[in-house]
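Dear colleague,

I am handing over the structure below, together with some notes on what was found in it. Please read the notes with the coordinates open beside them.

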Amino acid sequence: MDCILFLQNTRGLRSQLKDSVPVAGLCPQAGPYGIQDTLRMGFSSVKNELLPSHPLELSEKNFQLNQDKMNFSTLRNIQGLHAPLKLQMEYRAAKQIQRLPFLPSSNLALDTLKGTDESIGFEDILNDTAQCEVTGEPHIMTEYKLGLL
């Protein structure tokens, strides 16, 4: 029996989908009694089965990735293949520069390379590590990072 999804009260998707659409991917693999077989299929995750609440949600989630791809493509067309490869290597090198595991890192080199050092976003205000609820023992965190623990 196919699973039928009734979209009577769904926001955002009502204009894209009809009132009843057979959707096989949203229903868990039902066993002989119509429920998921947890022993064979594992626990079901509600987070994986959620639909986006707005059509632009997926676009906004992948905005920075799409922006980087477009910039690399433009850079490749203008300067050749070496330019985006060099820039990606610089990004990787800047990501590897960190302080000790128990100290917060500002990633200033990476922000400077990406050009985000001159803009103020919500992550600059709300990402304060001094207000973080999870702080660890410095020696244990360093030993774990080095693989000694």
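Leu87 touches Phe72 and Leu75, if residues up to four places away in sequence are left out of the count. This is a predicted model, which should be kept in mind for everything that follows. Leu87 is found in helix α5, which covers residues 82-96, and its partner Phe72 belongs to helix α4, residues 63-79. From C-alpha to C-alpha, Leu87 and Phe72 are 8.6 Å apart in space, while 15 residues separate them in sequence. Phe72, at 15% relative accessibility, does fall into the buried class.

Phe72 also takes part in an aromatic contact, and here the geometry may interest you. The structure holds one aromatic pair, formed by the rings of Phe72 and Tyr91, whose centres are 6.0 Å apart and whose planes meet at 50 degrees, so that the pair is classed as tilted. Since Phe72 lies in helix α4 and Tyr91 in helix α5, the pair ties together parts that are 19 residues apart in sequence.

What is the state of Tyr91 itself, buried or exposed? With a relative accessibility of 11%, Tyr91 counts as buried. Tyr91 has a further neighbour in Lys114, which lies over the face of the ring, at 5.5 Å from the ring centre.

The loop between α5 and α6, the latter being residues 108-114, contains two residues that deserve a remark. Asn107 lies in this loop and has a positive phi of about 55 degrees, although Asn107 is not a glycine; its relative accessibility of 31% makes it partly exposed. Arg99 has its place in the loop between α5 and α6 as well, and it is exposed, with a relative accessible area of 53%.

Ile120, Phe122, Ile125 and Leu126 make a nonpolar surface patch of about 550 Å². Of these residues, Phe122 is found in helix α7, which covers residues 122-126, and it counts as exposed because its relative accessible area of 63% is over the 50% cut-off.

The protein chain has eight helices and two strands, and, read along the sequence, they follow the pattern β-β-α-α-α-α-α-α-α-α. How much of the chain is made up of buried residues? Of the 149 residues in the protein chain, 7% are buried, Phe72 and Tyr91 being among them. The chain exposes about 13100 Å², and carbon and sulfur atoms supply 56% of that area. As for contacts between residues at least 6 apart in sequence, 25% of them join residues at least 24 apart.

Definitions and conventions:
Residues are numbered from 1 along each chain as its sequence is written. This is a predicted model: local features need pLDDT of at least 70, side-chain atom pairs count only at pLDDT 80 or more; totals for chains, interfaces and linings use all residues. Side-chain values use heavy atoms; hydrogens and water are left out. Patches are made of residues with over 30% relative accessible area and no salt bridge: like charges are joined within 9 Å, nonpolar side chains (Val, Leu, Ile, Met, Phe, Trp, Tyr) within 5 Å. Accessible areas come from the Shrake-Rupley method with a 1.4 Å probe; for residues, only the protein chains shown count as cover. A salt bridge is a side-chain nitrogen of Lys or Arg within 4 Å of a carboxyl oxygen of Asp or Glu. Helices (H or I, at least four residues) and strands (E, at least two) are DSSP runs, numbered from the N terminus. Buried means under 20% relative accessible area, exposed over 50%, partly exposed in between (1.4 Å probe, protein chains only). Contact means heavy atoms within 4.5 Å. Rings of Phe, Tyr and Trp (its six-membered ring) pair if their centres lie within 6.5 Å; planes under 30 degrees apart count as stacked, over 60 as edge-to-face and the rest as tilted. A charge sits over a ring if NZ of Lys or CZ of Arg is within 6 Å of the ring centre and within 35 degrees of the ring normal.
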